[in-house]
Amino acid sequence: MFRAQLRRRPFVYTQNTIRLSRLSSTSSLGSDTPLIRLRNATIYKDSIDQNNASPLFSDLNFTLPPTGAHWAIVSATSSARTDLLKVLSGRYLCAPPTARSYPYLLHNNTPHHRAIGYIGFDAERSGLGGTAVKGEYLSQRYEAHREVTDWSLLEYLEGNTELNALEKPADYLDTHMLSDVIANLNLDSLLHLPVSNLSNGQTRRARIAKALLAKPELLLLDGPFMGLDPMTTVHISSFLQQMAEKSSPNIILSLRIGDDVPSWITHVLVIDPETNTKVRYQGTRDDVLKDLRQARRDDGFHITLRRSITLAAARPSRAKIRKSNLSRDGLPETHLPIPLGEPLVEMQGVKVSYGLDNELSKRTVLGNWSESVNGTEKKGLWWNVRRGERWGVFGPNGSGKTTLLSLITSDHPQTYGLPIKLFGRSRIPSPGELGISIFELQSRIGHSSPEVHTYFPKQLSIRRVLESAWADTPLSKPRLTRQKDIRVDSFLRWFAPELSPTKTSELQVIASKLRKSGPTSPEVKRQLERLNIANDDLDWADTMTFRDLPFSSQRLLLFLRALISEPDLIILDEALSGMDKAVREKCLLFLAHGEKLEYKSGSKIVNSVQMNNDLINFGGIQDSQALLTISHSTEDIPGCIRQWICLPEPSEGKPARVGELPGPLELHPDSWSEIWNLASKRPQRL
Ligand SMILES: Nc1ncnc2c1ncn2[C@@H]1O[C@H](COP(=O)(O)OP(=O)(O)OP(=O)(O)O)[C@@H](O)[C@H]1O
């Protein structure tokens, strides 16, 4: 929707490799010689000066044999997982240096560029949000025009990309393996496409293929299932299992707390959620489960961890372990009715195709079907979004979800020519009716997605990012009022523990006073009212920039930007992916209730200080608004989602399926199978 000018970036393959010459050696080598050995290792990020630098990890002990152990690393924060994988790949400074060694690799004299591959899937790691972003502006992704440097997927896999000067594929490209990997990762039909046109999930599959083709001894996959649809996740997991069981290559996965640990994973390492610098549990799956039982901890982290490590068949149903009738975002088991308003989006026979001028390259990616509309069979997608509706948009990777939303945000050039009405009007004028302008659309839609994240100007201050919700483009001057300033302050204050450098907020100070004086008191109320006038506790938001924030907080800020102006339509396209669990849950609670409710001690939902004192600036999503969400992960889906649409594979020729949820998805887990039509497909177990 906005066109930030960016320096052109080639599609980058982020594989970190280690240099064996720098690794220390061990004397005893045998068939069980470890691939990696860490003994009482302390790791520092960039300075080994033990007096000044605090270690990234301390007391690390880990041994990876050359065969037979398949590890998953689990943590509460994404940065801890990534850092630990990087430690295993030879990055960062180790004290003492001999505490980290790679005996097997040295013994076998593996060429250094193939020893250990690391591939990350969060935007933080790839720099591209896992999305192959093309060119200087967002809508360029959807254009048919192809430049000479828009490498095809096949060229990319073969390493035939001249911009990547250091890549020399010919010496190790194994053509047999190439066709094997292409078939197993279901990439055949995409080989001729420019990598920049691939969808999120397709890009992930391509990057796994690329990493395997480098034939590393060990492949470190950082969040490999993020953004993959349930069927592809199962397929890729079993493919990785085959590779891991042959130790060709050995594979270590990192997973978010709450992700199912695949059944073929034999060993689990859990990073301590409190310090993020130590290992809390490690060993075989059974050993870790035993340790967890002995620890008898009943906090959210431990409950979730036990569930994800327990094999799916032995897991108690969520309904059995649920203690509350409320969802994690504080919504009741059955949705309360919302009065529906006029349609905000009307699609009347939408069909998106590319390469129409060439029969060979012609490709329809959305609406390649006919469906019954009021009893008449009609072509393309017919779909309305009304005020008050909360839609979940689902479908396999590459089925056109992001394309669908880009038609609404008008980032897609074909928006102009297709039968689409946005807020009752077309994009182009017709006799007697003005078209809707891009600026009006901007002001009526709040949008957060990995693509918005990629193109967002990183130099803006934290405050300015939020204020830009009232501007025509992120870089133009926002239209502010006193009320809007107060709204920005209240958002910043609510999320100061996640955004500010001190990780605290003035509200916490006031809340702690409340504990002494009771739920309401004139003194507390006075202090809260003062916050509406003074904002000296928020100076950090003017000095820190978007760039200064870690990935999870950048995502958080863009999520808040999508809500802050209370637009008619909120679009959250994978907006919470890559956020740490606690931040994500706070966001979902905020979306549902604004400043009314908060988590106490990380899990219990209670009334907030503002609620008790009747001083709410933002009360969550309103009945007059509509919401569209895309996510493949049930944890990221807001409890308020009521309607769903599931797009088919473009080649299926079947229409999109739609349905309603009786209540929050978390409290109705069977609805997930219904959305994905899993009953009619093979059992979905990781
Ligand atoms: N310019 C283009 N030319 C040809 N095909 C394109 C172009 N842009 C996108 N596509 C194709 O359109 C299809 C839909 O992509 P889209 O990103 O909308 O999928 P998605 O459902 O959001 O997938 P994911 O879940 O992986 O994010 C993909 O197969 C993609 O390769």
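Domain bounds in these views come from an automatic or database domain assignment. The model is predicted, with local features needing pLDDT of at least 70, side-chain atom pairs counting only at pLDDT 80 or more, and totals for chains, interfaces and linings using all residues. Residues are numbered from 1 along each chain as its sequence is written.

**View A. The shell around the ligand.** This shell draws at least three residues from each of domain 1 (20–133 + 199–315) and domain 2 (343–441 + 640–680). Of the 21 residues around the ligand, those that come nearest are Ser 199, Asn 200, Gly 201, Asn 397 and Thr 402, where a residue is near if its C-beta atom, placed from the backbone, lies within 6 Å of the molecule. By residue class, the shell divides into 6 nonpolar, 12 polar and 3 charged (Ala, Val, Leu, Ile, Met, Phe, Trp, Tyr, Cys and Pro count as nonpolar, Asp, Glu, Lys and Arg as charged, and the others, Gly among them, as polar).

**View B. The pair of helices H8 and H9.** The axes of helix H8 (residues 285–295) and helix H9 (residues 300–309), which are lines fitted to C-alpha atoms over the stretch in contact, come within 10 Å and cross at roughly 150°, with angles running from 0 to 180 degrees between N-to-C directions. Helices are DSSP runs (H or I) of at least four residues, numbered from the N terminus. H8 and H9 are therefore roughly antiparallel to each other, a term for angles over 145 degrees. Arg 285, Val 288, Leu 289, Leu 292 and Ala 295 in H8 meet His 302, Leu 305, Arg 306 and Ile 309 in H9, contact requiring C-beta atoms, placed from the backbone, within 7 Å. The residues of this contact comprise 6 nonpolar, 1 polar and 2 charged.

Methods: Helix = DSSP H or I, 4+ residues; strand = E, 2+ residues; numbered from the N terminus. Parallel < 35°, antiparallel > 145°, perpendicular 65-115°, else oblique. Contact = placed C-beta atoms within 7 Å.
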